[in-house]
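Good morning, everyone. Please look at the sequence and the model while I talk.

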Amino acid sequence: MTIVLILIAAIVVMDALRMRSRAGKLAVLAPSDEPATHVALGTVADSTLRAASAYMRATNVDILDIVAQDLPALSALSLLQLVDPTAYRADRVGAGRTAGHAIIVSTGVAERAHVTQPTNEVELAQLAARIKPYGRADFAIAPDEHAKPSDLSRRRELLWAVLGPSTPLALGMLVVMWALIGLGIWLRPTFGYIAAGAWLLQPLLSLLGTRIHSRDLFVFTIFRAPIEVYTLLRTLFARPVSSIAAAAAKRPIYDDLLVGDRTRFYEPRRTTCPLCDSSELAKHMTNPDLFQHKPGHFTIDRCGACRHLFQNPRLSLAGLDFYYKDFYDGLGESGMELIFGFGAQPYHDRAKMVRAVAVPKRWLDVGAGHGHFCIAARTDLPETTFDGLDLSESIEEAKRRGWVDTAYRGLFPELAPGLAGKYDAVSMSHYLEHTLDPKQEIAAAHTALAANGTLMIEVPDPEFVMGKVLRKYWLPWFQPQHLHFVSVANLDKLLRERGFEPLEWHRGKAHQRVDLFFAVWLLLDRIAPPTKLPWRWRGALSGAWRTLVWSIGSPFIIVGIVADNLLGPLWQRARISNTYRVVARKTG
């Protein structure tokens with residue numbers, strides 16, 4: 001217990017120093033008499049708008065979040081926990097944040113993003129997340145602005161707008177820390193009080209003497225414990241009005257979709273392997289939908305001849321529509337944006353892998369989604385034109401953001417003849433496993449590529465040991481969306497048969513350190529799923545149950561994160577991983 005308490009105290013102090021450093025990086029707006037040429041979302045003084053507009057012109061910023069100089073201590077700590085101003089300015093794929101006061105945007109961003117004036121802090125947070133991809137973003141302190149009162153009745157909605165699916169984890173970890181400090185005071189009073197003292201003094205260490213002049217800093221520091229407990233209770237017992245209303249509005253739609261025979265969501269079961277036509281099929285596993293918690297179970301079969309794994313029976317077009325609905329868009333869009341924007345390093349690794357073979361002039365990213373890869377890869381290949389293709393409306397959003405140069409919406413095999421020979425590089429990152437026929441997709445890439453063009457594919461590795469250990473809780477099984485699990489040997493064969501020569505394989509190097517973290521996450525989410533889903537509406541006590549389960553389970557998530565990072569280097573040295581990449585050259 002002593003070690004735990006010392007560790008808590010050390011983490012709290014280091015976190016305070018980190019936040020203090022971030023506070024020092026915030027720009028402070030200087031007065032300006034020049035006319036404003038930008039749009040204010042939210043209410044600010046005319047002097048602030050002029051100063052912000054002058055700052056944005058001088059620094060080439062498109063989106064500027066206004067920080068009131070007297071931002072309350074709790075709000076200031078929350079902001080500095082999430083935002084490193086220097087990194088935020090440079091990061092185009094990261095999540096959009098706000099200090100909750102106002103946002104100033106260029107007229108171009110306002111027009112492309114079709115912005116409307118927010119009416120409350122939740123809408124402002126949602127707007128900040130939505131418009132961040134549209135331009136270069138920054139934060140600045142406005143000396144003429146005074147903080148607006150926060151509405152605790154909407155704090156739960158606000159946290160969800162900011163943290164998305166990780167909200168239960170954040171609240172759970174807070175409860176766990178308090179519980180450990182309380183237990184420490186009882187069992188090891190000296191070290192318990194040291195940990196408690198470090199936590200209580202954290203606001204002073206973080207903010208005193210910085211550019212943020214919180215008027216309540218000393219009061220908040222003295223009474224931090226009761227203030228934070230009260231805030232947490234108000235957060236937990238607040239009704240997320242907006243999210244409940246959004247889900248409730250879709251209940252009739254899902255009620256209609258779920259009426260009748262649900263076998264229409266599946267095609268007839270195959271009796272032969274889709275890769276080699278062998279009839280030696282056996283059940284590998286059956287999974288529920290652990291992601292959206294929609295009804296149904298999904299079977300993955302294994303071919304005894306070529307060892308290919310595939311969903312059988314496969315989702316029909318009606319099934320694909322049903323299970324993709326509200327996942328990447330609609331109710332699930334904000335959560336997926338957070339996940340895709342979590343880290344850009346994999347995007348850079350893919351671009352560099354292709355660049356090592358050839359520097360393409362025109363690159364087509366298939367399954368581009370909102371275009372996260374394309375915007376990240378531009379820093380590695382600044383002279384390359386990046387186009388994107390996807391079946392959903394997300395690719396049109398990518399075009400509006402300026403993340404792709406040209407957007408194609410539709411099925412790749414159908415569009416490929418019109419793109420024949422147009423591209424030097426085609427990429428398929430975590431796309432092939434979603435497709436109805438991987439063979440047709442690879443053939444389409446061959447069509448779209450010019451002579452000696454480069455194809456990069458990244459997919460889950462079904463042979464990875466953790467897939468066997470974690471079973472249904474291994475993230476890459478991802479049922480019901482993943483239809484095919486192509487092994488290295490099978491992909492090598494498919495590429496060669498369709499006119500490609502594999503040049504480089506990344507096994508180990510492509511590993512993503514998420515296996516145990518997501519296994520715990522999926523288990524907790526299955527035990528205590530979200531309470532208000534339009535296809536699964538749960539009772540009043542389910543919210544308390546979810547909070548309890550996530551509070552107890554939060555330490556295990558941390559253990560999972562640590563374990564993933566400890567095991568990552570081992571997998572890389574062993575040249576095995578949950579993901580692999582291949583770069584191949586068109587030869588035929």
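Which residue in strand 8 is the bridge partner of arginine 302? It is leucine 309.

Some ground rules. This is a predicted model, where local features need pLDDT of at least 70, side-chain atom pairs count only at pLDDT 80 or more, and totals for chains, interfaces and linings use all residues. Residues are numbered from 1 along each chain as its sequence is written, and side-chain values use heavy atoms, leaving out hydrogens and water.

Strands and helices here are DSSP runs numbered from the N terminus: helices are H or I with at least four residues, strands are E with at least two. Two strands pair if DSSP finds at least two bridges between them.

Now strand 7, residues 297-303. Three bridges link strand 7 to strand 8, residues 309-311, and the two run antiparallel. They form a hairpin with five residues between them. In that turn, arginine 307 has a positive phi of about 70 degrees.

Next, strand 6, residues 281-288. Seven bridges join strand 6 to strand 7, again antiparallel. Lysine 283 has aspartate 301 of strand 7 as its bridge partner.

Is strand 7 enclosed or open? Six of its seven residues are buried, so strand 7 is largely enclosed by the rest of the structure. Buried means under 20% relative accessible area, exposed over 50%, partly exposed in between, with a 1.4 Å probe and protein chains only.

Last, the cysteines. Cysteine 374 is buried, at 0%. Cysteine 276 is partly exposed, at 31%.
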